[in-house]
2 protein chains.
Amino acid sequence: MRFSKLFVHTLKETPKEAEVISHKLLLRAGMIKKLASGIYSYMPLGYRVLRKIEGIVREELDKAGAQEILMPVLQPAELWQESGRWDKMGDEMMRMTDRHNRNFVLGPTHEEVVTDIVRREVKSYKELPINLYQIQLKYRDERRPRFGLMRGREFFMKDGYSFHTDEDSLEKEYQNMHEAYNNIFSRCGLTFRAVEADSGNIGGDTTHEIMVLADSGEDEVLYCDKCEYAANIEKAESKFVAKENSEELKELEKVETPNKKSIEEVAEFLGVEKINTVKAMIFKTEEEFYMVLIRGDYEVNEVKLKNLLKVSEVTLANDAEIEKLNLHKGFLGPVGVKLKIIADETIKNMKNYVTGGNDIDNHYINTNHNKDYSVETFADIRIVKLGEKCPRCSDGVLNSARGIEVGQIFKLGTKYSEALKCNFINENGRQQPMLMGCYGIGVSRTMAAAVEQNYDESGIIWPISIAPYIVDVIPVNMKDKEQVEVAEKLYNNLKENGIEVAIDDRKERAGFKFKDADLIGFPVKVIVGKGIATGKVEVVNRKTGEKEDIEIEELLNYINKLIK
Amino acid sequence: MRFSKLFVHTLKETPKEAEVISHKLLLRAGMIKKLASGIYSYMPLGYRVLRKIEGIVREELDKAGAQEILMPVLQPAELWQESGRWDKMGDEMMRMTDRHNRNFVLGPTHEEVVTDIVRREVKSYKELPINLYQIQLKYRDERRPRFGLMRGREFFMKDGYSFHTDEDSLEKEYQNMHEAYNNIFSRCGLTFRAVEADSGNIGGDTTHEIMVLADSGEDEVLYCDKCEYAANIEKAESKFVAKENSEELKELEKVETPNKKSIEEVAEFLGVEKINTVKAMIFKTEEEFYMVLIRGDYEVNEVKLKNLLKVSEVTLANDAEIEKLNLHKGFLGPVGVKLKIIADETIKNMKNYVTGGNDIDNHYINTNHNKDYSVETFADIRIVKLGEKCPRCSDGVLNSARGIEVGQIFKLGTKYSEALKCNFINENGRQQPMLMGCYGIGVSRTMAAAVEQNYDESGIIWPISIAPYIVDVIPVNMKDKEQVEVAEKLYNNLKENGIEVAIDDRKERAGFKFKDADLIGFPVKVIVGKGIATGKVEVVNRKTGEKEDIEIEELLNYINKLIK
């Protein structure tokens, strides 16, 4: 690739709208251009990166036995009505009508379409399992699209779907895809972790997210420092070991706490530690109000609570609803309350603790469950904290990291196959719904995540496997015929030997070219300068910054070694 | 690829909705599945074909110096309002609104977006020319989508756009793309012709269509039997050589022709040849009515008429409009008419001919222009007929063929750059709009066109370069261990040697497998049967039907030769 011909326009200044590093650098390196909010064009260098990621995804999935298909972006509403998601998806789903006023969806995902294909074609257990995937545009009408390729409205995903006769077969394919995903993200040169996650609205039960670890990640991941355990904060559990507590139970006592509402205020006012207080909250489901208790220094994990209650949503009750229950925000407590009470297991061994008085400006001290009130269910409903014990191994401690979700694998079970009647005839001749798995990769998001994990103050540092070109040959002085000649020779030689190479043949200062090379993020710069007098060029490793003078004859070997 | 694992479901019966052969065969071969009217999913084999065509397109365009980008499907309405096409595109353009009620287009084409990118980035003549292309989904809300991939609502196009400082540069790139297109369709194994065409609503003046020649083509192409001249019927010209006509002019005479309205009726009633009659019609533009004259045996080409009048649309006047002009359909003629009269050049040398009498049930005989009425303009406004003389060479005659338009190249001129203010600073430091070219290929349509041109009663006959797999190895008797073993060995050997090969390892009858192989259209069948006793397998060439017994050791060589 010749810079003199390349359509690339790097920017010195960071565009104002860019908040995260990948957005800033992909714009500055001229790899993407914004067309509309959350909608980007890929320029030549950027599209090469995207296609390299696509290529790796395709190779690894083909190797794992999945088959590539392509399903339409435009999907008829009828299928979404059949699955029940037409009403559930809300404003995030982009919809349109055609000239005959028929409703269509711009596919945010393709469970309905693929299930429709399979139900029409597959009849017998003999034809299962199948794993079909595609790499296709997806649409999500984010309320506030941002972060460039990280959270767009039109983006690329690889989405795959597997169909099975039984749980064993599904589990086998789930592990197969887990492994394929490990291979994919390893080959992309990324540091990542597969973490347990909540399965959300897609349905199903088991799911893992693949998180690229980066400080800017939107998700918090907790992982064990000893074993493989890692989980999204939404899902993370810990082994809670309650301390022995030999205190004697004291008598419940109501005290005045004028205007002290938060745990902090109350603890300070009463001169107790937060761990000796219990926070009470009112949550509501579609059917019922619950009082939820948690130790004062913890927060409630709504996802865990929702799963515990087996509902699709829980929300905090608002002030009016609380008043209607004759309770008072800031002074909530379990004593005398008629709601079902759910308590986090952190409370189990507590004694003589502070709770709200259920009167304005009042709290109880020396509260004790089983004596002053009853808990309906104890469970793990807290947001786990850094430093807690690993729930899986014996001596691990949980660490925390930020992660960018680039992939997710689900066991869907029969959610879609039941709704869409995607059945097979089993060995006994009876109809049965197929079990499904589904496997996604945010392809364009992976591109952004790679930048979030690989950059410095000068620009992007592409992993070799997904770099737009690997080597940038830079003649220092374009007026020096010999330098230009050597540079051209090296460029051609590297190209002929299968190295993806660029030459910066623009009539610009060397410093300008170095800056562009670093901003765009080529893994290797080959600088052709005065050193050619002694038969040498300078090779700079973008990642380590290491510079080395290399004999011109040795360059190809040297670069081949670098690449490996 | 193992058939036992492949997601493919061939059909014995042709689905009722399929009208053309490519639609029938792509459905029957299980390569595509209909999701909604004009919207298809590609199954594994079909998607391989599509991707092969894509690959050829990409390679040839990269070689020609074009640069690949990717622009979004969703485009903000503002750009289309700026170019003026928001109002012009009508119902065929798919539109939608996002959650904030902003209007978007599902891109039917990308002139606006690419021009917007270039106007933001390119400032100087030094940065031109540029040629950017993409392979992207396109949307067109056809009133009556049909013919499968031939005329769909969601389809793949390669669209490319070039930007220039001057006409010479544009012409050079136009020829460059012309050549690239020749290479692309040659490599796809298709018989095609580049034909002159009308540029329609895209604007610009010069344009060629690439037509794959096939009996089912929607377009009629006229081509010279001696030289390179070929044109779409809309555009086709001919050299009209008027016969010497030494007749003396006779006196105009009105005759009764009760109820004789068509040329056929009038000619028969009056006992004259159709070539001695002149047909008159009333056409209207937005501004004016015209009377158009043509020799009785010809038809008017509305595209030529429209271009002659330099308007965007001409239509035939309806009955009411004709009556309002005090004229009468069926009895229209030029004598005494006050409209501007445009006549085809076929009339120039005619004398003493029949025309309408402008009274009901009356015609004139012995009409003569210049004497009985005046013609404003003589021009070529006729639909050219098979057998007329080539307009370019001295002795060629025009032949006719049917064609499927798979590509088109345009010189757009400054239509979009002026509307969107896509300017550059020229060598004299002055702003000037860029000249543009645009270059399209119907990628999914090319897939269909390949089938229209390559099939027989058994199914598809894929050209080798775009076949999903080249060889299908078929063990005749799956119960014969030796046959299966030999087949597996051959399959592995071919695969290791880079041949794209399938093995039909399904436990089915050989005849069933042969039928599938022919329907799907693999170029080569390798049949592993009883011949292995003497060390031979049968190789069948799908296209020629030739069968040959080949030594097992020689198979790889033999197939490599076949492929070349």
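**Figure 1. Asp98(B) and Arg153(A) meet across the two chains in a salt bridge.** Their side chains come to 2.9 Å, N to O; a salt bridge here is a side-chain nitrogen of Lys or Arg within 4 Å of a carboxyl oxygen of Asp or Glu. Before you look further, please note that this is a predicted model, in which local features need pLDDT of at least 70 and side-chain atom pairs count only at pLDDT 80 or more, while totals for chains, interfaces and linings use all residues. Residues are numbered from 1 along each chain as its sequence is written, chains are lettered from A and ligands numbered from 1 in the order in which they are written, and side-chain values use heavy atoms, with hydrogens and water left out.

**Figure 2. Chain B and chain A share an interface with 6 salt bridges.** The residues on the side of chain B that touches chain A divide into 31 nonpolar, 6 polar and 19 charged. In this scheme Ala, Val, Leu, Ile, Met, Phe, Trp, Tyr, Cys and Pro count as nonpolar, Asp, Glu, Lys and Arg as charged, and the others, Gly among them, as polar. Each chain brings 56 residues to the contact, where contact means heavy atoms within 4.5 Å. About 4700 Å² is buried between chain B and chain A, and carbon and sulfur atoms give 61% of that area. Phe7(B), Leu70(B) and Arg99(B) supply 16% of the area that chain B buries against chain A, more than any other three residues. Buried area is the accessible area (1.4 Å probe) that two parts lose on being put together, summed over both. The interface also holds 20 residue pairs in polar contact, with both residues at pLDDT 80 or more. A polar contact is a pair of N or O atoms within 3.5 Å; within protein, one must be able to donate a hydrogen and the other to accept it, and residues adjacent in sequence count only if both atoms are side-chain atoms.

**Figure 3. Asp116(B) reaches two arginines from helix 5 of chain B.** This helix covers residues 111–121; helices (H or I, at least four residues) and strands (E, at least two) are DSSP runs, numbered from the N terminus. The side chain of Asp116(B) makes a polar contact of 2.8 Å with that of Arg119(B), and another of 3.1 Å with that of Arg120(B). Asp116(B) has a relative accessible area of 4%, so it is buried. The word buried means under 20% relative accessible area, exposed means over 50%, and partly exposed is in between (1.4 Å probe, protein chains only). Leaving aside neighbours within four places in sequence, Asp116(B) is in contact with Leu35(A) and Leu79(B).

**Figure 4. Tyr181(A), Phe185(A) and Phe192(A) form one aromatic cluster.** The rings of Tyr181(A) and Phe185(A) have their centres 6.3 Å apart and their planes at 70°, so this pair is edge-to-face. Rings of Phe, Tyr and Trp (its six-membered ring) pair if their centres lie within 6.5 Å; planes under 30 degrees apart count as stacked, over 60 as edge-to-face and the rest as tilted. Tyr181(A) and Phe185(A) are 4 residues apart in helix 6 (residues 167–187) of chain A, so about one helical turn separates them. Both of these residues are buried. In chain B, Phe185(B) and Phe192(B) make a tilted pair, 5.8 Å centre to centre with 55° between the planes. Phe185(B) and Phe192(B) are buried as well.

**Figure 5. Val537(A) sits in strand 30 of chain A.** That strand covers residues 536–541. With a relative accessible area of 2%, Val537(A) is buried. Beyond its neighbours within four places in sequence, Val537(A) is in contact with several residues, including Leu490(A), Val526(A), Ile550(A) and Leu555(A).

Figure 6. Asp361(B) has a positive phi near 60° although it is a residue other than glycine; Asp361(B) is partly exposed, at 27% relative accessible area. Lys421(B), also not a glycine, has a positive phi of about 50° and is exposed, at 62%.
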